[in-house]
Amino acid sequence: TEATGYGLCYFVDAMLKDHGTSFEGKKVVISGSGNVAIYATQKATELGAKVIALSDSNGYVVDENGINLDVVKEIKEVRRGRIKEYVEAVPSAKYFEGKGIWTVKCDIALPCATQNEVDGESAQKLVDNGVTVVVEGANMPSTPEAIEVYQKNGVLYGPAKAANAGGVAVSGLEMSQNSYRLSWTFEEVDAKLKSIMEEIVANSLAAAKEYGHEGDLMLGANAAGFVKVANAMVAQGVL
């Protein structure tokens with residue numbers, strides 16, 4: 001359940017460490033309030049960040065004191081309610097109708113809701129409000145225009161194909177356990193997930209540097225993925 005959200009934050013953490021910084025003290029906005037968003041919130045908070053906003057399809061809540069995850073879990077995982085109910089439990093928070101979550105000022109934005117949720121205009125609002133990092137937990141949540149805004153403005157951008165690989169990675173670990181008749185603890189699987197996400201960042205950065213685009217994680221992830229598949233095809237005699 002936690003794999004994609006945890007993996008996303010391990011990816012971000014590795015990115016930040018490569019730039020000499022960390023989650024510590026950063027304000028984070030996360031769209032969505034499903035599994036990916038909930039467990040990204042949990043892990044980002046554990047790593048020292050303050051998550052100040054979450055959303056659903058109706059609107060978003062902003063809690064400048066930091067999202068109370070127990071309240072969100074009660075609403076979403078137990079009652080299957082709407083995110084606007086958060087302000088009933090936390091009166092100091094504010095609820096806003098609509099899709100304006102990307103107007104909330106933050107250091108790090110983690111789109112974890114749906115495809116194409118960040119367009120060029122939303123990306124520009126993030127940049128204008130000082131965002132430095134955007135990493136994708138949902139599948140392709142940024143439009144091409146949004147990605148162009150990130151890159152033109154020097155935002156550290158982590159594409160979904162790399163950053164949300166945690167769910168698939170842990171599925172692979174589950175298959176390994178089944179095949180070898182092993183039973184790993186939660187902590188062991190979590191440690192393996194962290195290592196996998198760190199390796200994805202390292203491989204993407206290495207590929208970006210090798211192909212003349214140092215620091216470009218989107219190109220690096222594309223190149224590293226292509227080379228891995230191409231090498232496998234060669235090894236199997238397809239090419």
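This is a predicted model: local features need pLDDT of at least 70, side-chain atom pairs count only at pLDDT 80 or more; totals for chains, interfaces and linings use all residues.
**Entry 1: aromatic pairs.** I examined Y6 and Y39, which form an edge-to-face pair with centres 6.3 Å apart and planes at 70 degrees. Y6 belongs to helix α1 (residues 3-18) and Y39 to helix α2 (residues 35-46), so I noted that this pair links distant parts of the chain, 33 residues apart. Both Y6 and Y39 are buried.

**Entry 2: a further partner of Y6.** I then found that Y6 also forms an edge-to-face pair with F186, at 6.5 Å centre to centre and 90 degrees between the planes. F186 lies in helix α9 (residues 186-210) and Y6 in helix α1, so the pair ties together parts 180 residues apart in sequence. I recorded one aromatic cluster made of Y6, Y10, Y39 and F186.

**Entry 3: charges over rings.** I located K43 over the face of Y6, 4.4 Å from the ring centre. I also located the charged end of K192 over the ring of W184, 4.4 Å from its centre.

**Entry 4: the sheet.** I traced an open sheet of 7 strands with mixed pairing, in the order β4-β3-β2-β1-β5-β6-β7. β4 (94-97) and β7 (156-158) stand at the edges with a single partner strand each, so one side of each has no neighbour in the sheet. From one strand to the next, the twist averages 15 degrees. I noted that β3 (residues 59-62) pairs with β4 in the antiparallel sense over 4 bridges, and that Y60 stands opposite F96 in β4.

Definitions and conventions:
Residues are numbered from 1 along each chain as its sequence is written. Side-chain values use heavy atoms; hydrogens and water are left out. Two strands pair if DSSP finds at least two bridges between them. Helices (H or I, at least four residues) and strands (E, at least two) are DSSP runs, numbered from the N terminus. Axes are lines fitted to C-alpha atoms, for helices over the stretch in contact, and angles run from 0 to 180 degrees between N-to-C directions. Rings of Phe, Tyr and Trp (its six-membered ring) pair if their centres lie within 6.5 Å; planes under 30 degrees apart count as stacked, over 60 as edge-to-face and the rest as tilted. Buried means under 20% relative accessible area, exposed over 50%, partly exposed in between (1.4 Å probe, protein chains only). A charge sits over a ring if NZ of Lys or CZ of Arg is within 6 Å of the ring centre and within 35 degrees of the ring normal.
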